[in-house]
Amino acid sequence: MRVLLISTYDLGRQPFGLASPAAWLRNAGVDVDCADTSRERLTDERITAAALVAFYLPMHTATRLAAPLIDRVKRVNPSAALAAYGLYAPINEGWLREKGVAHVLGPEGEEELVRLSAAEGEEERSPRESRPHLTLSPHRAGLLPLAKYAALQMPDGSTRVAGSTDATRGCKHLCRHCPIVPVYKGRFHAIPVDAVLDDIRQQVAAGAQHISFGDPDFFNGPTHARRIVERMAAEWPGVTFDVTIKIEHILRHASMLPLLARTGCVFITSAVESIDDEVLRHLAKGHTRADFVQAVHLCRDAGVTLLPTFVAFTPWTTLEGYDELLETIDELGLREQVAPIQLAIRLLITSGSPLLELPDIQAVITEFDPASLTWPWRHRDPRVDARQESVMRSVGARAAKRRAVPHMTEAWYCCAEPSVEDMHLV
């Protein structure tokens, strides 16, 4: 039996969500084919060769891009069993089942994929043979070369081949707009250190000079994080890395920032979202504007670049507040650290979002839109919506220029509408 695993988009990274289940399936003796349609065209021959086709849906963009591809797989290989896994699969279970996806799994669907693939021949295997173990390292053989993915861009114009991995899964925080919350509900767990390092080791052997940690918050488990970066620096002293950390954790674990700098961290991404304390309270972010300002100075003092991200347009955004955001970015010397797209992002309200519990949200949303997989909303002040549309057009028309800070060459964000070019890849 052959299983075809498909990733449509994973922030420009070689997909962990292909490599991890591939390891589990191959460990169980299953023939696996992995396709990343953000970087390659998927042929009909690969589709027809599979008895089970599973779509990796880690984010909104990936899910939107999967829609026409699901239709294509059903047309090309109507006998194939269809599955979906990843963070956005359970969130969109009803829509997926309407599309003909029979098996909707969660973000850690490795074991279920093994069971699905072994359903016909399970009686012939012993439990030990058919059940993989939790410490399996991702299997990246057969994936596209790292050089085909986003690279680390340095201020001097040089680039470094980048790999990626996860050190934890889930998140212990409950930010209202975050898609992790409806699935994990404040839970997270650490991936064994040796498994994380094994994954990094195979990527360094494949040419990686930099590693992006995909954890929602690298400091959810600070002791675990310390062990990983110390061992990583000892084994690969020339390999750099980047992480994502919440503002409140930057403050709480400020003593670890110099360690990150010493061990090769070139930047920290942090979802600041807003500088308006009222908006931050609605989003349940757990930090204030003052906390953000303090975090900027702490990172600067430690010698680590902070790359803040924003949800610039929300139902609570005002024109004056937006102008104040731009002024604050300038005052803090962050113009180079903020990718232009961050100034155009509009709050997405997805199925099952805790935002739907807020009366302010209920007052502005319309009917759920299955085409966009969101609850569309309009601002009470139409000038705010007009500003967002204008900024987005401006960002889309702006030519890319070299930034004076380290950053990834594919600057995008997880909750985004796919472009026309992306849709053509399927």
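Arg387 is partly exposed in this predicted model, with a relative accessibility of 26%. Its side chain meets that of Asp323 in a salt bridge, with an N to O distance of 3.2 Å. Asp323 sits in helix H15 (residues 319-331) and Arg387 in helix H17 (residues 382-397), so that the pair links parts of the chain 64 residues apart. Asp323, for its part, is also partly exposed, at a relative accessible area of 32%. Shared partners bring a further group of charged residues together: Arg346, Arg378, Asp385 and Glu389 are joined by salt bridges into one network.

A second pair to look at is Arg39 and Glu410, whose side chains form a salt bridge at 2.6 Å, N to O.

The side chain of Glu40 meets that of Arg46 in a salt bridge of 3.1 Å, N to O. With a relative accessible area of 18%, Glu40 counts as buried because the cut-off for that class is under 20%.

Taken over the model, the count comes to 24 salt bridges, among them the pairs Asp323 with Arg387, Arg39 with Glu410 and Glu40 with Arg46.

How values were computed
Residues are numbered from 1 along each chain as its sequence is written. This is a predicted model: local features need pLDDT of at least 70, side-chain atom pairs count only at pLDDT 80 or more; totals for chains, interfaces and linings use all residues. Side-chain values use heavy atoms; hydrogens and water are left out. A salt bridge is a side-chain nitrogen of Lys or Arg within 4 Å of a carboxyl oxygen of Asp or Glu. Buried means under 20% relative accessible area, exposed over 50%, partly exposed in between (1.4 Å probe, protein chains only). Helices (H or I, at least four residues) and strands (E, at least two) are DSSP runs, numbered from the N terminus.
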